[in-house]
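Hi,

Here is the model I promised to send over. Have a look at it first, and then read my notes below.

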Amino acid sequence: MKMNSNMNAFAARLLAGAAISAIAATGAAAQSDEIVVTATKRPQTLQEVPIAVSVVGAETIQKAQINDLIDLQTVVPSLRVTQLQNSSQTNFTIRGFGNGANNPGIESSVGVFIDGVYRSRSAAAILDLPTLERVEVLRGPQSTLFGKNVSAGAISITTKLPTFDWSGNVEASYGNYDQMLFKGTLSGPLSDNVAFRVSGSANKRDGYYTNIVDGTDQNERNRWALRGQLLWEASDALTFRVIGDYNKIDENCCGAVTILNGPATQVLAAPPPFGLGEEISDGTDPFSRNVAVDTATDNKLTGKGISLQADWELGDGFAQLTSITAYREQSDTANTDVDFSGADLAQNPQDRKYETFTQEIRLSSVGDNRFDWMVGAFYFNEDVFLQRDVIFGAQERANIDFLISGAGVSLADVEGVSQLAQALTTGPGALFPEFLPMGSAGVDSLAFGSSFAPGTGVFGTYNMDNESYSFFGQADFEITDRLTISGGISYIDDSKSATGVSNLTDVFSNFDLSTFASTGGSFVAANIFGGLIPGAYGGPVAFDPANPVPFFTAAGTFAALDPLVFAATRDGAVAAAQGALTGDPTLNPLLGLTGLTAVQFFAPQTNFPDPSNPFDDGKLDSNDVTWTARLAYDVTDNFNAYFTYATGYKAGAFNLSSDSRPPVDASKLGRAASPEDVRLFELGFKANFDGGYVNIALFDQKIEGFQSNVFNGVGFDLANAGEQTSRGFEVESLYSPWNPLALTFALTYLDPEYKSFTMAGCTPFDVVNCGMGESFRDLSGTRVPGVHEVSLSTSATYSFDVNDNWGGYARIEYLYESDVPLIENIPDSITREVNVLNASIGFETQDGFEVMVWGRNLTDDEYFLQGFPTVAQTGSVSGYTNPPRTYGVTVRKSF
């Protein structure tokens, strides 16, 4: 598809920096009045490439004060980037599709590529943006050319090449919250055919959350990065580019505010003897951004890598061979106060490490041909390590006793009965060894006073090896001067092998309450009230119906047994035992103990692979063929249309955490999720006119097997949604009505729906859709939460001259996202509506000096990024808030 541009030179300069969602500039673009992108892995202009792609150039990034990919969403309305529990948990979504932030075994549905190198985890992509050429956001499945794990789209970041003329820039910014940001780059020649570029940045800022326990800040910034490049033009036909980078993050992040304080959370704040008397966040004003944690949330991340790209032109312009080889290491540690209160209840330390090797090689035609083609292969190998623990604190035992006090039973009751059962059934002096099977149900492991002991909990070590390769090809054939047919195909093979060793040291969580209540109740009823108490507990006791037996006096009287006083005779005791065995609660009050399963926060752990379970082999092997078919037609020299049918694929995922459950069938549900399969219908129109353009895309996108990973209050439920769809349209436009002014407008409309999702996780909130004890519910036919129906962004940039040496600009931009519920497993949950206003004004000289005053979220709009049921506190909701108003000044010098 070919297109001529009628834009004048001034509009082209605006395209280089002002447009909000489709603006980019390279050196070639500035000279030819065209915006060049590489969305198809070959240079094409933005207006001729038949793909829905948004492009943001370096000048826009500077003038809008966009420092990382989180900021990028303000200029690309189809993109949403949300930072969650800590700095490494950042979720990318495009057109409402995306996941992968909270578990190292789940890769993102939106792939991030920096200079052609795939960053497999969001933690490796959230650092401050380097010295950029442009950022391309490709919407819809991109599996044919970009491999696995781009089922929702791709973000491609291109950095500036080294130059053979000396150039560079330095800048410093200072803003509120004591923000200090420094950036710089230097490029020049080392010889006639070797050039270098060195870039660096440092970003430090106080947090905008306040911990009311000790007065410290949270959600700070403290990160720096270095990046070096060498460009060797070995000959006119052969070039090499070597890139090395190193980055660090050491931050206290990320605070979670209380949105709703339920009874369980209020107990933490109630004064003794009614509660623990500790600080909690006030849910009446979450945007005060006050949080309560007894331990700071520390995040330490280190990333480093090296890549080599070689480009070799073959056959005097016949084809180009490109090879990109890369090795990366990423590590991060975090310790989170997961109860989000001032009480010492639980901590969640984590340690993650990734080692990734990738190799891509492709051969493509060059030049302007009637038939263009590309073939290639991609190899991916990654080792993942995770140490993840949840450790109980000194106050968790008391907290649990408060939570269950209304049930008329305490942990001491359960422990007392368990210890008596152990004495009666095990050991050399056991009177009733016939009840020994109870020991295998956990009775003999529940020692008195040991439930929820400080330092106990669940301790897990997980490893995953992932090997993947793909072969791909694409061809474009011009049937006529105006009609082009394109096709692409890719074969993708992905293998994962995982191991998990998890140790649950809290004896209460391991205790089988159901078996104990039925079997244990029978022998307690038949034997205690039959007057048979072993000597170790005071000797045989003659039963007096007027005085119930005070068994195990060291633990106190077990009130729930009092109704058994009617068993005054041996026959009565036998009747009680029979009632217990048949599940009659009037004869066996111990059956009431099954309600305590609500405070068994961890299921008994099972290591994997498990040789005894044929479905728990710790392996996921899958492959798929994805393809793309496209017709593109130039209606006129300035207006074209295209139709695309494309499929996509995302590999299966492991649940690498203590929430992982042994699978019961070949689906491996609980331990893993099956692959995602995507199909897309898209109809697009691109029009150029004097001073601007309009691009429109209408789409119908479907993901079968969407990998949903939703928090249920005590853990994550990993499950495949049967089918999730998103239909809608996107509009992007630029218009310059006269030379000094550039206007942009971008609109996205989405109608996302779970067509089929029968295994959605339950929470205690959802008593309407989830019955007592049910783990899953049916969300089929419901709207996908957290996906805005309407997203709109617009901007205006006005350039002016002050005098012969000074020029200036003023820029204002606005982002709107319609109101939407956020949490799918909490009915009537919190909602989010976004109205963000950003602005900047700058002055610059012809010799490269610039000063800029900027502000983001100037109206201090308040909204939630995400919400979740508060950990182990039924009835409470927590969430993450957006950044408040920020502002500052930037001074920049280019040469």
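This is a predicted model: local features need pLDDT of at least 70, side-chain atom pairs count only at pLDDT 80 or more; totals for chains, interfaces and linings use all residues.

Before the notes on strands, the ground rule: two strands count as paired if DSSP finds at least two bridges between them. Helices (H or I, at least four residues) and strands (E, at least two) are DSSP runs, numbered from the N terminus. By that rule β18 and β42 pair in the antiparallel sense, over three bridges.

Residues are numbered from 1 along each chain as its sequence is written, and side-chain values use heavy atoms, with hydrogens and water left out.

The β18/β42 pair belongs to an open sheet of three strands, in the order β18-β42-β41, with antiparallel pairing. β18 (257-260) and β41 (864-869) are the edge strands, each with a single partner, so one side of each has no neighbour in the sheet. On average, neighbouring strands here are turned by 35° against each other, direction ignored (axes are lines fitted to C-alpha atoms, for helices over the stretch in contact, and angles run from 0 to 180 degrees between N-to-C directions).

For the method: on a 1 Å grid over the protein atoms alone, a cavity is a set of points where a 1.4 Å probe fits but cannot get out, and lining residues have an atom within 4 Å of a point.

Of the 38 lining residues, I70, D71, Y208, R856 and P883 are the closest to the centre. Several elements supply at least two lining residues each, among them α4 (69-72), β13 (194-205), β40 (849-856) and β42 (877-881). The biggest contributor is β5, with three residues. By class, the lining has 15 nonpolar, 14 polar and nine charged residues; Ala, Val, Leu, Ile, Met, Phe, Trp, Tyr, Cys and Pro count as nonpolar, Asp, Glu, Lys and Arg as charged, and the others, Gly among them, as polar.

**Salt bridges**

How many salt bridges does the structure hold? There are 35, taking a salt bridge as a side-chain nitrogen of Lys or Arg within 4 Å of a carboxyl oxygen of Asp or Glu. For the residues below, buried means under 20% relative accessible area, exposed over 50%, and partly exposed in between (1.4 Å probe, protein chains only).

- R80 bridges to E817, with the closest N and O atoms 2.1 Å apart. The pair links distant parts of the chain, as R80 sits in strand β5 and E817 in strand β38, 737 residues apart. Both R80 and E817 are buried.
- D115 bridges to R227 at 2.4 Å between the closest N and O atoms. D115 lies in the loop between β7 (110-114) and β8 (117-119) and R227 in strand β16 (residues 221-233), so the pair ties together parts that are 112 residues apart in sequence. Both D115 and R227 are buried.
- E329 bridges to K304, where the closest N and O atoms are 3.7 Å apart. E329 is in strand β21 and K304 in strand β20, 25 residues apart. E329 is partly exposed at 26% relative accessible area, and K304 is partly exposed at 37%.

There is also a network: salt bridges with shared partners join R95, R139, E682, E730 and E732.

R95 sits in the loop between β6 (90-94) and β7 and is buried, with a relative accessible area of 0%. D178 has a positive phi of about 55° as well, and is not a glycine either. D178 lies in the loop between β11 (167-175) and β12 (179-189) and is partly exposed at 33%.

Then the cis peptide bonds. One runs from C253 to C254, with omega near 20°, and C254 is in the loop between β17 (238-252) and β18. Another joins P272 and P273, with omega about 5°; P273 is found in the loop between α6 (263-269) and β19 (290-291).

Cheers

Conventions
On a 1 Å grid over the protein atoms alone, a cavity is a set of points where a 1.4 Å probe fits but cannot get out, and a pocket is an open set with protein on both sides within 12 Å along at least five of seven lines; lining residues have an atom within 4 Å of a point.
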